[in-house]
Amino acid sequence: MRYADALAWPDKDQTAQLAFTEERNFPFRKFPKRYAGNMFRAPNGELAICYESPHAFRLVIQGDAILLDDGDGQLRPLPTDGADARVVSDLLRGDLGRLRADWTNEPIDDGLRLTPTLESIRKEIKYIDVTFADGRVQTVTVNQRNQAIRRYEFGALTWLTGDTAALPFAE
Amino acid sequence: MKPPITRPRTPWLALLGLLIAPIIFLLTVNWTETLNNNILELLPDSEESVEAQAARQMLSQRLSYPVIFKASAPGTTRSQLTDAFLEASAQPAFRSPFILGDNRYQSALLGVLKDNREALFASNWLNAKHDEFAASNFPQPDFISWLATDAAQQLNAFLDRPESMAYADDIPADPLLLLPTALAQLPPAPEVDDTALIAWIPLAVDPLTPQGQQAIYDALAAIETQMSARFPGYSQLASGVYDLAHASEQQTQDEVTWLNIEMVGAILLLLLVLAGRPGFLLLTIAPVLVAGLWCTASGLLVFGHIHVVALAVSSVVLGLSVDYAVHLAAKRGNGNLREAWPIVRLPLTTSCVSTCFGFLFLLLSPMAALKQVGIMVPTGLVGALLAVRYLLPWLEPIAGAYRLRTFIERPGPMLRKYIWLPVAGLAWLMAAITLLQSPPFVDDIQDFQAPITESLTRYRDLADSIHHRDVNERWYVFASSPVELIKRLHDIREKIQLTGLHLPEDNTLEWKNFASQSNDFAAALRTQLEDQGFDADAFAPFFDKLNSVAEWNSAKKLTTAFNELVAQLHGPLQALLMTDGSVWVAVFEAPPNAEIPASLKSFTQELAQQKSLNRALKHAREGIARSAQWGLLGIALCVFALFRRRGVMAMAVPVWSVTLGIATTISLGNPLGLLAVIGAILAFCLALDYGAFAATSREPPASIRISAATTFCAFLILSFCSMPAVAQLGQVVAASVFFAWLAAELLCLPQPKKLTENKA
């Protein structure tokens with residue numbers, strides 16, 4: 001379970017910042033759509049995913065709720081089923097206990113494959129491949145049932161404090 | 001020397017008709033089915049068309065009648081309770097329940113919207129694009145190429161949004177984003193508490209009947225038993241129309257019983273005190289008994305059943321009929337009742353006819369229960385009059401010797417008319433000014449219901465938990481087909497500013513134009529999609545459908561879409577659209593305080609029944625008041641014809657006393673509604689009775705004193721009824737009777753000239 005343990009965020013009393021790039025592949029597009037941004041994790045477990053290009057918007061995950069800021073600074077809840085949102089937030093927050101309960105994992109090259117056990121998630125997601133490098137998550141590839149694929153690649157981890165750390169979560 | 005009382009021949013015919021026949025009839029009646037407490041009989045009759053009534057019925061059954069149910073147990077979630085609840089709620093009284101937050105319903109509904117997106121949303125898309133194009137200042141011939149470019153750009157931008165991943169399956173068939181756009185415009189779904197199960201349970205029984213209510217209570221008890229066995233600490237709360245109706249009916253029935261007992265008790269006690277002899281009581285009971293028998297029998301013969309509220313209001317017949325006996329018995333003097341009859345015949349008959357006339361006005365009431373009163377009380381009064389005429393002389397020997405208390409027959413102080421007449425005139429003037437200055441009418445259907453605070457609070461709390469409130473700002477429209485329904489909604493939108501109403505647009509001409517250029521649009525869209533990085537061949541499902549674009553929003557497709565949609569709407573969502581196979585109904589938000597334009601009223605109504613029922617009450621009150629003006633004019637002519645010169649005096653009593661009675665009621669802070677107006681008419685008839693006696697009397701008004709005392713007591717007790725409308729009736733009549741008695745006393749005051757004549 002060495003890889004699985006690496007899914008958890010490093011534990012520190014500061015806000016973690018992780019740069020990422022995302023590729024979205026749709027079966028009806030010739031080439032993927034690309035995005036870049038930063039992911040933030042507060043010490044209390046809250047997550048903020050801030051997209052910067054091609055245009056700015058952010059997702060904030062508070063508890064089991066997912067909030068969307070469409071670029072105007074206002075956070076609005078995304079209509080999601082409570083259980084599904086919880087599974088997504090478990091995954092992003094790296095809650096190992098919950099991940100073990102709701103996902104099965106099997107080793108693959110440089111990482112592991114997570115397969116959902118909940119029927120509501122299985123309807124949407126086939127599996128998620130996670131690869132690791134130097135004991136940290138390097139890529140996450142989400143394979144959806146509808147053939148859309150999202151691939152995230154993560155950069156260096158930095159730590160923030162003060163106002164800079166609070167900004168991504170501001171309502 | 002006092003002549004011996006000889007017993008007249010037994011009046012067999014009167015005994016048979018007045019007592020024996022109604023008793024035999026009432027003995028044959030099945031009493032378990034005759035007393036009815038259906039709340040519908042307290043609601044104004046509908047003047048709606050058959051189609052409107054069908055729509056109202058559908059709205060009641062699907063939106064108002066279902067049980068709202070909430071359950072929880074410590075340490076359990078909604079999903080854990082759901083399966084057990086679905087099993088436990090399979091009761092004969094219930095249909096399949098709808099559980100808030102259950103994803104199965106959402107998936108099925110989404111499937112219908114997806115399958116019918118062209119029929120439901122394409123016309124809106126085209127209209128919106130026409131508007132955008134008009135604002136872009138491009139030349140008109142470029143519309144199709146602009147449309148294709150815009151569609152490809154919008155699709156590309158949509159993929160940047162997080163929710164786009166969920167539509168990856170659908171986009172090849174929906175590059176115009178009809179479904180995502182429509183769903184984004186819907187209001188957000190209310191948040192559902194995950195620690196409790198909230199259900200909307202449609203009914204298989206009538207919640208307005210006692211049998212239906214009992215079946216619902218039994219079903220809820222069965223659910224509680226089953227769920228408690230599985231979940232320790234389980235608790236549930238339920239409410240609905242069934243509970244409100246049951247609580248209201250129970251309270252009404254209890255109150256009616258007590259009102260009747262109190263009224264009879266008070267009248268009998270008063271008579272005993274005033275006469276001092278049980279024999280006098282026997283004479284007065286006879287017409288009361290006949291009135292009660294005739295009153296009940298007539299109600300059952302005409303209507304087949306009697307409503308408990310009709311029984312409550314009809315109990316005033318006891319107080320009125322006892323007066324007839326009092327009038328006759330008080331005039332006996334040294335003779336016997338047969339000799340007294342000619343003295344009271346004219347005023348008593350006039351009184352009976354005028355009172356019957358007053359109650360017959362209730363036949364104009366929009367409420368079935370009050371119509372029953374309009375038949376029952378006049379019949380009872382006629383019975384009482386016949387009993388006084390034919391039974392009392394026969395009963396007189398049984399009653400034995402009696403004499404009224406001396407103070408009843410004591411004349412008033414000698415007071416010249418010019419002393420009290422200006423005071424009375426001034427009082428009337430002030431009362432009239434009070435009435436003119438403050439229009440006192442309030443028409444509220446809630447005044448006709450017993451206060452059921454606890455049940456109502458429970459209902460409101462539960463309704464709030466599912467965001468379902470019968471608010472005034474919701475209207476509904478009905479039609480015979482989806483196409484007609486949409487057309488009517490468009491008609492409404494043309495006249496009233498409406499928000500949140502997403503309708504398939506009526507753009508037949510624009511659509512035909514678009515359809516005629518669909519090949520050009522397809523070619524242009526292919527090019528644009530390729531330019532934006534899409535694989536145009538992946539959109540084959542959409543281009544196939546584009547071949548039949550002219551049919552996308554045809555009447556046939558629209559009807560299919562609406563039928564499929566309505567089958568997937570459950571719980572409070574049914575309010576959006578419903579059909580019973582022949583009538584289609586849609587509910588929508590109306591602007592606050594907006595009035596439905598007259599041209600739309602034939603197919604548009606307010607969802608909250610309270611407002612329309614209040615309006616029905618207002619119309620009924622105004623109608624009764626208008627009819628009463630002519631009726632009272634007729635009575636006045638009769639009185640002048642019968643009483644000639646003394647007619648002015650006879651008419652002055654009701655005019656003066658009712659004006660003061662109403663003004664007093666208003667001054668005490670009580671509003672006046674339909675029953676108060678009916679009470680005023682009734683009070684006018686009663687006061688005319690006193691006026692007639694006072695105008696013809698040359699003695700102290702002993703019979704009026706007894707009569708007024710009993711009537712005042714009866715209506716005073718009624719004025720404490722917890723139903724405000726009934727209480728208003730009691731207050732108006734009690735106050736008017738008091739002033740009528742006062743007027744009669746003043747008219748019968750001994751005058752110096754009269755005293756001189758008497759001495760001579």
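User: Which ring does the charged end of Arg526(B) sit over?

Analyst: That would be the ring of Phe543(B), with the charged end of Arg526(B) 4.6 Å from its centre. A charge "sits over" a ring when NZ of Lys or CZ of Arg is within 6 Å of the ring centre and within 35 degrees of the ring normal.

User: OK, and what am I looking at here, and how do the labels work?

Analyst: It's a predicted model, where local features need pLDDT of at least 70 and side-chain atom pairs count only at pLDDT 80 or more, while totals for chains, interfaces and linings use all residues. Residues are numbered from 1 along each chain as its sequence is written, chains are lettered from A and ligands numbered from 1 in the order in which they are written, and side-chain values use heavy atoms, with hydrogens and water left out.

User: Back to charges on rings. What does Arg29(A) sit over?

Analyst: The charged end of Arg29(A) is over the ring of Phe534(B), 4.8 Å from the ring's centre.

User: How many aromatic pairs does the structure hold?

Analyst: Over all chains there are 30 aromatic pairs. Rings of Phe, Tyr and Trp (its six-membered ring) pair if their centres lie within 6.5 Å; planes under 30 degrees apart count as stacked, over 60 as edge-to-face and the rest as tilted. One of the pairs is Tyr35(A) with Tyr51(A), which is edge-to-face, 6.0 Å centre to centre with 85° between the planes.

User: Where in the chain are those two?

Analyst: Tyr35(A) is in strand S2 (residues 33-41) of chain A and Tyr51(A) is in strand S3 (residues 47-53), 16 residues apart, so to speak a link between distant parts of the chain. Helices (H or I, at least four residues) and strands (E, at least two) are DSSP runs, numbered from the N terminus.

User: Tyr35(A) and Tyr51(A): buried or exposed?

Analyst: Both are buried. Buried means under 20% relative accessible area, exposed over 50%, and partly exposed in between (1.4 Å probe, protein chains only).

User: Let's switch to sheets. What order do the strands of the open sheet in chain B have?

Analyst: Its 4 strands go S8-S9-S7-S10, with antiparallel pairing. Strands S8 (577-579) and S10 (604-606) stand at the edges: each has a single partner strand, so one side of each has no neighbour in the sheet. From one strand to the next the twist averages 25°.

User: How many bridges pair S7 and S9 of chain B?

Analyst: Strand S7 (residues 474-479) and strand S9 (residues 584-589) of chain B pair antiparallel over 6 bridges. Two strands pair if DSSP finds at least two bridges between them. Tyr476(B) has Val587(B), in S9(B), as its bridge partner.

User: Which strands does helix H20 of chain B touch?

Analyst: Helix H20 (residues 482-495) packs on the sheet and touches S7, S8, S9 and S10 of chain B, its direction making about 140° with that of S7(B). Helix H24 (residues 555-567) of chain B packs on the sheet as well, touching S8 and S9, at about 100° to the direction of S8(B). Contact means heavy atoms within 4.5 Å. Axes are lines fitted to C-alpha atoms, for helices over the stretch in contact, and angles run from 0 to 180 degrees between N-to-C directions.

User: Now chain A. Why is strand S5 called largely enclosed?

Analyst: In S5 (residues 65-69) of chain A, 4 of the 5 residues are buried, so the rest of the structure largely encloses that strand.

User: What does S5(A) pair with?

Analyst: Strand S4 (residues 57-62) of chain A runs antiparallel to S5(A), joined by 5 bridges, and Val60(A) stands opposite Leu67(A). S5(A) is also joined to strand S6 (residues 75-77) of chain A by 3 antiparallel bridges, where Leu67(A) stands opposite Pro77(A).

User: What about phi in the hairpin turns?

Analyst: Between S4(A) and S5(A) there are 2 residues, and Gly63(A) takes a positive phi near 60°. The hairpin of S5(A) and S6(A) has 5 residues between the strands, with Gly71(A) at a positive phi of about 110°.
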